[in-house]
Amino acid sequence: MIVIAHLSDIHIDSSPRSAERTGAVMAYLESLHVDLDAVVVTGDIADHGLESEYARVRELLRTRHPLLVCPGNHDRRDAFREVLLGAPPAARPGTPVNQVLRRDGFVLALCDSSVPGEDEGFLADETLDWLDGVLDETPDGVPVLVGFHHPPTALGMPFVDGIRQFGEDRLAERTANRPGIAAFLCGHAHTAAATTFAGRPLLVAPGVISSSKLPWEPYEHPNDHVYRDEMAPSLAFHVLDDGRITTHFRSVPLREPVVFGRAV
């Protein structure tokens with residue numbers, strides 16, 4: 001059984017609030033009595049894409065579990081690569097930050113769906129080519145989870161749907177004959193959701209920094225589309241077992257320190 005923790009939209013800035021919410025989730029993961037197979041964070045890592053924010057993220061995301069992160073629309077590729085990942089500058093500024101994690105029993109491929117200067121998402125041709133290479137190099141029978149920040153389909157949330165991942169037909173075409181893909185993972189919506197894309201599960205992690213209001217929930221004014229402090233930070237656990245993927249969603253209390261799985 002493979003267990004992967006999935007976080008998204010931590011939006012780290014200079015405030016204590018963002019650090020508190022992310023810190024609570026990471027402390028919860030460190031308190032688990034088993035080692036996770038991976039922790040994945042699908043974008044909007046820094047709120048303004050500043051080097052100082054990424055330096056703070058490096059401290060907050062320290063974990064004993066294997067960690068993989070990808071950019072979102074709030075991130076800046078060059079600072080993300082150089083400060084957060086500690087990688088050398090790209091030969092071409094603004095090159096997509098695509099990453100792969102290969103572990104016993106599964107592969108996690110994170111694609112950079114960010115578009116510099118835009119809120120909506122798009123997978124560049126070079127990213128799709130990179131994904132093809134990852135899939136080509138993966139042995140038959142090894143499940144692959146493909147992640148990115150922006151959902152490639154509408155979720156029934158007008159605000160999010162207007163800035164989702166576009167050009168998704170190209171991704172669907174490239175992955176149509178790839179039976180090894182177990183699911184697609186994303187964030188961006190700030191709400192836990194599960195749907196399908198290209199005939200496979202599309203699993204959306206809830207937001208750590210805040211939770212989106214759904215269209216049928218009460219709005220005090222048209223721009224009042226986010227719960228900021230009323231909802232606890234949350235995450236998803238994806239379980240791969242015997243060819244199936246099962247997802248569990250978990251909220252993490254902010255003011256109840258957790259030690260070895262129990263509140264103190």
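Helix α4 (residues 125–136) packs against helix α6 (residues 168–175) at an angle of about 20°, in a model that is predicted. The two axes lie 11 Å apart. Angles under 35 degrees count as roughly parallel, so α4 and α6 are roughly parallel to each other.

**Helix pair α4 and α6**

- α4 passes α6 in a right-handed crossing.
- On the α4 side, the contact is made by D125, L128, D129, L131 and D132.
- On the α6 side, R170, L171, R174 and T175 make the contact.
- Sorted by class, the contact of α4 with α6 holds five charged residues, three nonpolar and one polar.

**Helix pair α2 and α3**

- The crossing of α2 past α3 is right-handed.
- From α2, the contact draws on E51, Y54, A55, V57 and R58.
- From α3, the contact draws on A79, F80, V83 and L84.
- By class, the contact of α2 with α3 counts seven nonpolar residues, two charged and no polar.

**Cysteines**

- How many disulfides does the model contain? The count comes to zero.
- A disulfide needs two cysteine sulfur atoms within 2.5 Å.
- For C111, the closest cysteine sulfur is in C70, at 8.3 Å, which is too far for a bond.
- For C186, the closest cysteine sulfur is also in C70, at 9.7 Å, again too far for a bond.
- C111 has 1% relative accessibility, so C111 counts as buried.
- C186 has 0% relative accessibility, so C186 counts as buried.

**Aspartates with positive phi**

- Most residues other than glycine have a negative phi.
- D9 has a phi near 55°, a positive value in a residue other than glycine.
- D9 sits in the loop between β1 (2–7) and α1 (16–31).
- Is D9 buried or exposed? D9 counts as buried because its relative accessibility is 0%.
- D44 has a phi near 50°, also positive in a residue other than glycine.
- The loop that holds D44 runs between β2 (38–42) and α2.
- D44 has a relative accessible area of 2%, so D44 is buried.

**L60, in helix α2**

- L60 lies in helix α2.
- Leaving aside neighbours within four places in sequence, L60 is in contact with I12, A19, T22 and M26.
- L60 and V25 are 35 residues apart along the chain, and their C-alpha atoms are separated by 9.9 Å.

**G156, in the loop between β7 and α5**

- G156 is placed between β7 (144–147) and α5 (158–161), in the loop.
- G156 has 45% relative accessibility, so G156 counts as partly exposed.
- What does G156 touch, not counting residues up to four places away in sequence? The partners are D161 and P215.

**P218, in the loop between β12 and β13**

- P218 lies in the loop that runs between β12 (211–212) and β13.
- At 63% relative accessibility, P218 counts as exposed.
- Not counting residues up to four places away in sequence, P218 touches K213, D224 and Y227.

**A232, in the loop between β13 and β14**

- The loop that holds A232 lies between β13 (226–227) and β14 (234–241).
- A232 counts as partly exposed because its relative accessibility is 29%.
- Which residues does A232 contact, leaving aside its neighbours within four places in sequence? They are R21, S251 and V252.
- The C-alpha atoms of A232 and L84 are separated by 26 Å, and the two residues are 148 residues apart along the chain.
- L84 is also one of the α3 residues in the contact with α2.

Notes:
Residues numbered from 1 in each chain as written. Predicted model: local features only at pLDDT ≥ 70, side-chain atom pairs only at ≥ 80, totals over all residues. Heavy atoms only, no water. Left-handed = near helix turned anticlockwise from the far one by under 90°. Helix = DSSP H or I, 4+ residues; strand = E, 2+ residues; numbered from the N terminus. Contact = heavy atoms within 4.5 Å. Nonpolar A, V, L, I, M, F, W, Y, C, P; charged D, E, K, R; others polar. Buried < 20%, exposed > 50% of the residue type's maximum accessible area, 1.4 Å probe, protein only. Axes fitted to C-alpha atoms, helices over the stretch in contact; angles between N-to-C directions. Parallel < 35°, antiparallel > 145°, perpendicular 65-115°, else oblique.
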